[in-house]
Amino acid sequence: MSEPLHRTPTGSPTGTSLPAEHPLTTSDPARSTAASPLITAFRGGTPSRTPVWFMRQAGRSLPEYRKVREGIGMLESCLQPELASEITLQPVRRHDVDAAIFFSDIVVPLRLAGVDVDIVPGTGPVLGSAVRTAADVAALPELTDESLEPIREAVRLTVAELGSTPLIGFAGAPFTVAAYMVEGGPSRDHLGPRTMMHADPETWDALATWAADAAGRFLRAQLEAGASAGQLFDSWAGSLSLADYERFVQPHSARALAHVSDLVGGDGQPVPLVHFGTGTSEILPAMRDAGASVMGVDYRLPLGEAHRRLGATPGPDGRGAVPLQGNIDPALLNAPWEVLAAHVREVVQAGRAAPGHVVNLGHGVPPATDPEVLTRVVELIHSLRP
Ligand code: CP3
């Protein structure tokens, strides 16, 4: 690796080069992802075909997933490198999507750090005890680099099979992860973390800093081991007012992204970083200003309007419009084909306004989705001009 150089969050041409054999760096055309449709669109270029992948493309919608997961807990399967890799590859083989998303979970770094957490089927992440006081936060164990070895191993196995299809790594953003930690489990309104921000801002700050560093290390491990892009999931950020987002959340998301913003591919271009949440129509420009290069948009806001809002509200670094990812309404996957196809065409058309567009859903694949429908959606998108 070359000498790490300091890079401002807005992106100067210096950075930390990924290893020579990394898919973004290698000159081997069979393994290079640098000119793939996904990376090209993420970087604002014109791809050879319109790229598409689906959040939660690996998972319960696939019979082959249900089969390999039989009798194995969710977090346990994330920590078995061969199994995590196999599950990551399943939707790529089946659907011909333009990216794999690493099979893991936003609470995997907690488990690796030694926090008592599990994923309860049908419920979501549940902690042995909630994290609510300054003492609770001070007692959190650090996520060490060594503990991330099963993650790096799963990424290496996956990338060896993917060839020129990029792997996307990810992490949960500090607010979404801290929301589970403060509540001790899933909640609808995230009252616990939203109270803590105002009632005990110092404890909130310490907790969100811990979560930001855990997320940053988790994401960096995936990128260094071979992932070609990263996505920060702040799924629940839409429950916040703009003022609360800017004051209590954005700096921590920026801290998480700063762990990886120095990484560059062989051409010196930064690794693409996507930032996604749901219900984020009012905070989209503020989320962009946390530093990612691509914005994920949920199904509530048409892409043309997302593009307009970002362009009309440039950040302190001068960036306005950025490439977009999204935003097929998952509800329409269950509609008659002609209704779904018309919606997909509309999303692709709207995305042409942005400097780059990667098609995705506006949130994850619902478990009851017919996988044949997803394959057909991919075929339709690939038939449309980028
Ligand atoms: O294709 C992919 O996106 C796969 C990788 C992935 C998973 N979780 C696998 C998973 C990713 C990127 C996540 C992120 C994640 N996990 C988020 C952010 C994205 C989002 O959905 O908003 C959140 C909020 C979580 C927390 C979490 N993990 C929930 C709410 C659940 C659902 C619990 C349930 O059973 O309904 C999980 C479990 C989980 N994570 C599953 C998968 C495939 C389902 C577990 C199973 O199949 O048994």
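This briefing walks through the core, the sheet and the salt bridges of the structure above. Please keep in mind that the model is predicted. Seven strands form an open, parallel sheet, and the largest nonpolar core has 124 residues. Salt bridges number 21 in this model.

- Beyond its neighbours within four places in sequence, W53 touches a range of residues, including L38, F42, V97, A99 and I101.
- The contacts of W53 also include Q231, Q325 and N360, along with V358, V359 and L361.

**The sheet and the helices on it**

- If you trace the sheet from one side to the other, the strand order is β2-β5-β6-β8-β9-β10-β11.
- At the edges sit β2 (100-101) and β11 (357-361), each of which pairs on one side only.
- Helix α10 packs on the sheet, where it touches β5 (167-172), β6 (229-233) and β8. The direction of α10 makes about 170° with that of β5.
- Strands β8 (residues 273-276) and β9 (residues 294-296) run parallel and are joined by two bridges.
- Within this pair of strands, V274 stands opposite V294 of β9.
- Helix α13 (residues 303-312) lies across β9, β10 (324-328) and β11, and runs at about 150° to β10.

- Side chains of opposite charge can pair when their charged atoms come close.
- R43 is in the loop between α1 (37-42) and α2 (63-69), while D267 is in the loop between β7 (263-264) and β8, so the two partners are 224 residues apart. R43 is partly exposed at 23% relative accessible area, and D267 is partly exposed at 43%.
- R217 and E142 also form a salt bridge, with 3.2 Å from N to O. Because R217 belongs to helix α10 and E142 to the loop between α6 (134-138) and α7 (149-162), this pair ties together parts that are 75 residues apart in sequence.
- R93 and E86 meet in another salt bridge, at 3.0 Å from N to O. Here R93 counts as exposed, with 52% relative accessibility, whereas E86 is partly exposed at 26%.
- Finally, a network of salt bridges links D145, E149, R152, E153 and R156.

Key: Residues are numbered from 1 along each chain as its sequence is written. This is a predicted model: local features need pLDDT of at least 70, side-chain atom pairs count only at pLDDT 80 or more; totals for chains, interfaces and linings use all residues. Side-chain values use heavy atoms; hydrogens and water are left out. A nonpolar core is a set of buried Ala, Val, Leu, Ile, Met, Phe, Trp, Tyr and Cys residues joined through side-chain atoms within 4.5 Å. Buried means under 20% relative accessible area, exposed over 50%, partly exposed in between (1.4 Å probe, protein chains only). Contact means heavy atoms within 4.5 Å. Two strands pair if DSSP finds at least two bridges between them. Helices (H or I, at least four residues) and strands (E, at least two) are DSSP runs, numbered from the N terminus. Axes are lines fitted to C-alpha atoms, for helices over the stretch in contact, and angles run from 0 to 180 degrees between N-to-C directions. A salt bridge is a side-chain nitrogen of Lys or Arg within 4 Å of a carboxyl oxygen of Asp or Glu.
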